[in-house]
Amino acid sequence: MPSIDVCFSPELLPLYDLKGKIAVAVDVLRATSSMVTALAHGVSHIAPVSDLQECLAFREKGYLVAAERDGIKADGFDFGNSPFHYREGVEGKRLAITTTNGTQAIRLSRAADEVLVGAFVNVGAVARYVRAKGKDVVVVCAGWKGLFNLEDTLFAGALAERLQADFHLNHDATLAAYHLYQTAKTDLLGFLSKSSHVQRLERLHILPDIEFCLQEDVYQLVPVLQGEVLVPAELG
């Protein structure tokens with residue numbers, strides 16, 4: 001039986017052997033939620049990149065470009081990091097994006113056999129995909145600038161709950177995430193209301209973003225990294 005493990009921060013990834021495994025990169029608030037939303041609304045593929053200038057250069061190739069730093073849209077870019085930016089007018093477009101945490105988690109996970117993008121908005125689809133693959137899974141939480149955060153850990157717990165009948169939950173990090181989610185799942189927003197990143201985003205007056213990103217199973221789509229870009233996985 002395969003197992004599911006949780007890496008609480010990309011800074012801890014050197015301690016994990018990703019070979020032969022599926023990595024699920026997650027940045028609930030808000031990068032991976034936005035990426036899932038963008039692909040669900042017709043973006044053909046997404047290039048997750050590390051820095052602002054690298055991302056901006058994609059405009060010359062005909063891409064839409066998006067960037068966020070410290071929760072705020074970077075100057076000179078088409079979009080920021082809100083899922084609401086990607087619900088209209090993006091069908092058939094290509095997107096390059098860089099964010100404070102999420103794009104780094106994706107790029108640092110590339111030693112895995114497959115890199116998926118997860119969020120609450122597609123947690124059920126991710127669970128079905130990895131169950132069908134039958135490989136060990138490592139959830140790579142983006143955290144905040146290398147530090148632990150609650151929202152990504154809660155996603156890991158939600159995924160563990162969906163997989164518990166078919167996967168071993170025998171890693172301490174997985175058990176911690178699972179039990180946190182059991183405590184929080186009836187009121188995720190209330191549970192997270194005192195968390196650092198929710199408070200940070202609330203100061204930016206984007207509560208609707210938070211509420212949207214904490215909804216489960218909005219989309220039946222799993223982004224998968226193919227080469228250097230994210231595309232929708234083929235779901236059986």
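This is a dialogue on how to read some features of a predicted model.

Me: What should I know about the model before reading it?
Reply: The model is predicted, so local features need pLDDT of at least 70 and side-chain atom pairs count only at pLDDT 80 or more, while totals for chains, interfaces and linings use all residues. Residues are numbered from 1 along each chain as its sequence is written, and side-chain values use heavy atoms, with hydrogens and water left out.

Me: How many helices and strands does the protein have?
Reply: Helices (H or I, at least four residues) and strands (E, at least two) are DSSP runs, numbered from the N terminus. Here there are nine helices and 10 strands. The radius of gyration, taken over C-alpha atoms, is compared with a globule rule of 2.2 Å times the number of residues to the power 0.38. For the 236 residues here the rule gives 18 Å and the protein has 16 Å, which is close, so the protein is as compact as a globular protein of that length. Its C-alpha atoms fill a box of roughly 45 × 35 × 30 Å along the principal axes.

Me: What share of the residues is buried?
Reply: Buried means under 20% relative accessible area, exposed over 50%, and partly exposed in between (1.4 Å probe, protein chains only). Buried residues make up 56% of the 236 in this protein.

Me: Which way do the residues of strand 7 point?
Reply: In a regular strand the side chains alternate between the two faces of the sheet. In strand 7, E114, L116 and G118 point one way, V115 and V117 point the other way, and all are buried. The strand covers residues 114-118.

Me: Which strand pairs with strand 7, and in what sense?
Reply: Two strands pair if DSSP finds at least two bridges between them. Strand 2 (residues 22-26) pairs with strand 7 in the parallel sense over five bridges, and V26 stands opposite G118.

Me: What do strand 9 and strand 10 form?
Reply: They form a hairpin with two residues between them, and G227 in the turn has a positive phi of about 65°. Strand 9 (residues 223-226) and strand 10 (residues 229-232) pair in the antiparallel sense over four bridges. Q226 stands opposite V229.

Me: How many residues are in the largest nonpolar core?
Reply: In soluble globular proteins, nonpolar side chains tend to be buried together. A nonpolar core is a set of buried Ala, Val, Leu, Ile, Met, Phe, Trp, Tyr and Cys residues joined through side-chain atoms within 4.5 Å. The largest one here has 55 residues, and those with the most contacts inside it are I4, F120, V130, V139, F155 and L159. Helix 5 gives the largest share of this core, seven residues. Apart from this core lies another, of 34 residues, among them I97, A112, A119 and Y219.

Me: Is T153 buried or exposed?
Reply: T153 has 1% relative accessibility, so it counts as buried. T153 is found in helix 5, residues 150-163, and its side chain reaches the backbone oxygen of N149 at 2.8 Å. Contact means heavy atoms within 4.5 Å. Leaving aside neighbours within four places in sequence, T153 is in contact with F8, C141, F148, A177 and L180.

Me: Where is W144?
Reply: W144 is in the loop between strand 8 (137-141) and helix 5. Its relative accessibility is 12%, so W144 counts as buried. W144 and S9 are 135 residues apart in sequence and 8.1 Å apart in space, C-alpha to C-alpha.

Conventions. Polar contact = N/O pair within 3.5 Å; in protein donor to acceptor, adjacent residues only side chain to side chain.
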